[in-house]
Amino acid sequence: MTDIRKRYRKTIGINNILEDLFGVITNRKKSTIFKIEMVWSKALDKKIAQNCKPIRFSKGILFVSIPNPVWKNELLFFRKDLIERINSELRGQIIKEIIFQ
């Protein structure tokens, strides 16, 4: 009988799980990378938005995943324009630099 009580004490209530889940979602919505992901396809051309994706943001630097070196080379020429477009969609000077990976 005591084994059953111990087992049920270790289980987590559904309300705790839901609180944790909503906490993660709420924190994600407040994060800068989430905001960048939301405006990514609006701010950039369709082909660029489909082939490249933001992966991390830290201290004003946006890290973007690039599928191949050709895209990376092409986007290096348009770096400042991309920063301006994304910042205008975000309505602020959030991104200072983009690093393509």
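The model is predicted: local features need pLDDT of at least 70, side-chain atom pairs count only at pLDDT 80 or more, and totals for chains, interfaces and linings use all residues. Residues are numbered from 1 along each chain as its sequence is written, and side-chain values use heavy atoms, with hydrogens and water left out.

**Overall fold.** The protein has six helices and three strands. Helices (H or I, at least four residues) and strands (E, at least two) are DSSP runs, numbered from the N terminus. Their order along the sequence is α-α-α-α-β-β-α-α-β. Of the 101 residues, 24% are buried (under 20% relative accessible area; exposed is over 50%, partly exposed in between; 1.4 Å probe, protein chains only).

**Helix α3.** The buried residues here are Ile-33, Ile-36, Val-39, Trp-40 and Ala-43. Seen down the helix axis, they fall within an arc of 145°, so they line one face of α3. The arc is taken from the directions from the helix axis to the C-beta atoms. Met-38, Ser-41 and Lys-42 are exposed on the other side of α3.

**Strands.** Two strands pair if DSSP finds at least two bridges between them.

| Strand pair | Bridges | Direction |
|---|---|---|
| β1 (residues 53-58) and β2 (residues 61-65) | five bridges | antiparallel |
| β2 and β3 (residues 97-100) | four bridges | parallel |

Ser-58 has Ile-61 in β2 as its bridge partner. Ile-61 also stands opposite Glu-97 in β3. The hairpin of β1 and β2 has two residues between the strands, and Lys-59 takes a positive phi near 50° there.
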